[in-house]
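Please look over the sequence and the model below before reading on. The briefing then takes up confidence, the sheet, the helices around it and the cores in turn.

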Amino acid sequence: MKDKNIKMQTAFKSKEGKNEVLKYYESIINESGVIHEEIYIETTYGKTFIIANGEKDLPPLVLLHGSGMNSVMWIKEMEKYSENYRVYAIDMPGEPGKSIETQLSFVGDDLSNWLKDVFEALSIEKSSIVGISLGAWLGAKFSIKYPQKVNKLALLCPAGIGPQKKSFIFKSLFYMLLGEKGIDKLYYRINGDKLIPQVMLNYQKLIAKHFNFRKETIPLFRDEEILQLTMPVAVFVGGKDIMLHSEKTSKRLKSLLGHAKVNFFPNEGHSLINQGDEIRKFLNEDI
């Protein structure tokens, strides 16, 4: 059931802005040349859009993007994942993608139940999950509530384990006051002081113009919740993450989950999609 009495906002500031973002989305997918399927399914919460590839008889792998983004971030990596998996990159609700625009609350079970609906619509009994940032938080939250549905869990710079850095909002405001160059610098910092491909930088700036960024704080998991992650878990965090306290994330997981493989990259930022080989090494063990 949906949580009641919670005021929800929608993803886009305007219909025109939504159309611009989605047009760019489609152009990136088309220009990637990646063979894929585009699927719409219905859930209790509304329609959900999925990019899929890989043979249908392979084990399933679910990819969950971060906030302020959509599944286009996975398009190149999907080709590599699909060598061993049937891959589903899922647009999360309330984010700047093609799924329902309503931003479901982080409090309660709406997001976990939405993902359960997706699994059922895709006839997935059990899947491995790779999530980044907000997507990693949802992957963990889903795995805590429905552990029987998760094979392996890979968390990239996960929210909800180590605290968010309060200084990030002030740094963001400072860079935005500097105009176009300031925004470029902000994304450079988020990426661990590394350049972002121009196509994706342009896309992130387009999203920032038209997307209603969520103001709700992502809740921290309680110790007893994290202890329920008994499936194989791998965590990937960057020492230059300006959004989350990566060292605290690493220490907390090491102390609570002895079986978790914690990978700390001191020179990486909040975007860790370039660690695909390490993620696949973890996923492909024992298959």
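What follows is a short account of a predicted model, grouped by topic.

The mean pLDDT of the protein chain is 89, with 87% of the residues reaching 70 or more. Residues 1-6 have pLDDT below 50, and this stretch makes 12 contacts in the model beyond near neighbours in sequence.

- Eight strands build an open sheet of mixed pairing, in which the order of the strands is 1-2-4-3-5-6-7-8.
- Strand 1 (37-43) and strand 8 are the edge strands, each of them pairing on one side only, and from one strand to the next the twist averages 20 degrees.
- Strand 6 pairs in the parallel sense with strand 5 over five bridges and, again in the parallel sense, with strand 7 over four bridges.
- Within these pairings, Ser127 has Val150 of strand 6 as its bridge partner, while Leu153 stands opposite Val233 in strand 7.
- Strand 6 is mostly covered, since six of its seven residues are buried.

**Helices packed on the sheet**

- Helix 3 (residues 110-121) packs on the sheet, where it touches strand 1, strand 2 (46-53), strand 3, strand 4 (86-90) and strand 5, and its direction makes about 120 degrees with that of strand 1.
- Helix 9 (residues 246-256) also packs on the sheet, touching strand 7 and strand 8, and its direction makes about 160 degrees with that of strand 8.
- The buried residues of helix 9 are Ser246, Thr249, Ser250, Arg252, Leu253 and Leu256, and what covers them includes helix 8 (223-226) as well as strand 7 and strand 8.

**Helix 10**

- In helix 10 (residues 276-284) the buried residues are Gly276, Ile279, Arg280, Phe282 and Leu283.
- Seen down the axis of helix 10, these buried residues fall within an arc of 160 degrees, and therefore they line one face of the helix.
- The face of helix 10 that is turned away from the buried side carries Asp277 and Lys281, both exposed.
- The buried residues of helix 10 pack against strand 3 (60-64), strand 5 (127-132), strand 6 (150-156), strand 7 (233-238) and strand 8 (261-265), and also against helix 2 (75-81).
- Just after helix 10, Asp286 takes a positive phi of about 70 degrees.

**Nonpolar cores**

- The largest nonpolar core has 47 residues, and those with the most contacts inside it are Ile90, Trp114, Leu115, Trp137 and Leu153.
- Helix 4 (residues 134-145) supplies the largest share of this core, namely seven residues.

**His210**

- His210 is found in helix 7 (residues 198-210), and with a relative accessible area of 8%, under the 20% cut-off, His210 counts as buried.
- Once neighbours within four places in sequence are left aside, the residues in contact with His210 are Ala11, Phe12, Lys13, Gly17, Glu20 and Val21.

Definitions and conventions:
Residues are numbered from 1 along each chain as its sequence is written. This is a predicted model: local features need pLDDT of at least 70, side-chain atom pairs count only at pLDDT 80 or more; totals for chains, interfaces and linings use all residues. Side-chain values use heavy atoms; hydrogens and water are left out. pLDDT is the predictor's confidence in each residue, from 0 to 100. Contact means heavy atoms within 4.5 Å. A nonpolar core is a set of buried Ala, Val, Leu, Ile, Met, Phe, Trp, Tyr and Cys residues joined through side-chain atoms within 4.5 Å. Buried means under 20% relative accessible area, exposed over 50%, partly exposed in between (1.4 Å probe, protein chains only). Helices (H or I, at least four residues) and strands (E, at least two) are DSSP runs, numbered from the N terminus. The arc is that of the directions from the helix axis to the C-beta atoms. Two strands pair if DSSP finds at least two bridges between them. Axes are lines fitted to C-alpha atoms, for helices over the stretch in contact, and angles run from 0 to 180 degrees between N-to-C directions.
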